[in-house]
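Please examine the model shown here. The paragraphs that follow lead through a few of its local features, one at a time.

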Amino acid sequence: MSKFFSRASRVSELPILKKLSPVAKIEMTDEDIRGYLASQNLANEAAFEVAKLMEEGWTERQAADLLNTYLADHGATRFFHKAFVWFGDRTRFAGVKTNLDYLPTSRVITEGDVFILDVAPIYKGYMSDIGYTSSLGENAELAKAQKFLQQIRTAIPKMFDGENSGGDVWKKVDQMILDGGYDNIHSKYPFSVLGHRLHKIEAEGLALNFINFGWQSYWAFLSRGLFGQLLNEHYAGDLQGLWAVEPHIGTENFGAKFEEILVVESNKVWWLNDKP
């Protein structure tokens with residue numbers, strides 16, 4: 001499945017598609033930056049609260065429902081995508097063969113298991129998308145992996161130096177993961193994305209979802225040119241704007257990731273939670 005999406009993503013290289021679906025510029029006023037940050041902070045708060053409540057015997061669906069409910073109760077009227085939750089070896093996508101396999105399951109968490117909470121609320125019109133990795137109890141291997149993820153986080157803004165294309169960034173992160181002795185798990189995502197663009201979503205309407213994604217999410221991407229919204233190994237377009245970046249690494253037994261908003265301007269690149 002991942003190979004199919006990787007090949008499919010190369011359609012973005014076709015000149016005719018670039019003409020038919022140019023990438024829309026993203027506004028980044030001070031108000032917008034504050035809006036995206038508030039959305040991201042709410043998503044992180046929800047993940048932290050659910051993680052603190054997690055107990056042995058919980059299912060992925062149970063954790064996902066609680067995460068969605070917390071966000072809805074705190075003002076997230078819509079979702080770019082509802083919660084994805086993975087336990088144990090599913091955090092490295094073991095057994096994932098179709099898009100439906102990414103959805104939360106009846107898998108039960110046990111002591112020491114790694115888990116990932118991934119959710120993308122729309123709060124006051126602003127998209128965010130976060131990924132939070134932890135474990136139920138101590139896990140020394142996860143602690144090691146998270147230190148490595150921090151190295152990747154530090155390195156990524158420097159990769160957006162004006163000389164690298166989006167595809168170059170993807171390949172640099174991929175090589176860093178392999179050199180660190182890990183597997184590249186985000187290469188198994190649909191279209192092998194390391195990240196995707198973020199947009200304001202003004203439309204309300206019906207809260208219809210398909211494979212966890214709201215209809216506004218599909219429209220936000222398709223109306224702007226789908227492949228110009230996805231940061232994968234073939235992306236060669238403009239990089240300015242806001243990106244939800246999600247490096248995902250894997251060991252033999254589990255995966256670990258972070259996901260947060262990266263702001264790319266002409267003269268600086270910074271994580272939204274960091275002061276520029």
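In this predicted model, a polar atom in the side chain of Asn68 lies 2.9 Å from the backbone nitrogen of Ala83. Asn68 belongs to helix α4, which covers residues 60–73. Is Asn68 buried or exposed? Its relative accessibility is 13%, and because buried means under 20%, Asn68 counts as buried. Leaving aside residues up to four places away in sequence, Asn68 touches Phe79, Lys82, Ala83 and Val119.

The aromatic rings come next. Rings pair if their centres lie within 6.5 Å, and by this rule the model holds nine aromatic pairs. One of them joins Tyr36 and Tyr126, whose ring centres are 4.9 Å apart and whose planes stand at 70°. Because an angle over 60 degrees counts as edge-to-face, this pair is edge-to-face. The pair links distant parts of the chain, since Tyr36 is in helix α3 (residues 30–53) and Tyr126 is in strand β3 (residues 126–127), 90 residues apart. Tyr36 is buried, with a relative accessible area of 1%, and Tyr126 is buried at 8% relative accessibility.

Phe148 and Tyr182 form another aromatic pair, with 5.0 Å from centre to centre and 25° between the planes. Planes under 30 degrees apart count as stacked, so this pair is described as stacked. Phe148 lies in helix α5 (residues 140–159), whereas Tyr182 lies in the loop between α6 (166–179) and β5 (183–184); the pair therefore ties together parts that are 34 residues apart in sequence. Phe148 counts as buried at 10% relative accessibility, and Tyr182 counts as buried at 9%. Elsewhere, Phe84, Trp86, Phe93, Tyr102 and Tyr189 form one aromatic cluster.

Strands of a sheet pair through backbone hydrogen bonds, either parallel or antiparallel.

Terms used
Residues are numbered from 1 along each chain as its sequence is written. This is a predicted model: local features need pLDDT of at least 70, side-chain atom pairs count only at pLDDT 80 or more; totals for chains, interfaces and linings use all residues. Side-chain values use heavy atoms; hydrogens and water are left out. Rings of Phe, Tyr and Trp (its six-membered ring) pair if their centres lie within 6.5 Å; planes under 30 degrees apart count as stacked, over 60 as edge-to-face and the rest as tilted. Helices (H or I, at least four residues) and strands (E, at least two) are DSSP runs, numbered from the N terminus. Buried means under 20% relative accessible area, exposed over 50%, partly exposed in between (1.4 Å probe, protein chains only). A polar contact is a pair of N or O atoms within 3.5 Å; within protein, one must be able to donate a hydrogen and the other to accept it, and residues adjacent in sequence count only if both atoms are side-chain atoms. Contact means heavy atoms within 4.5 Å.
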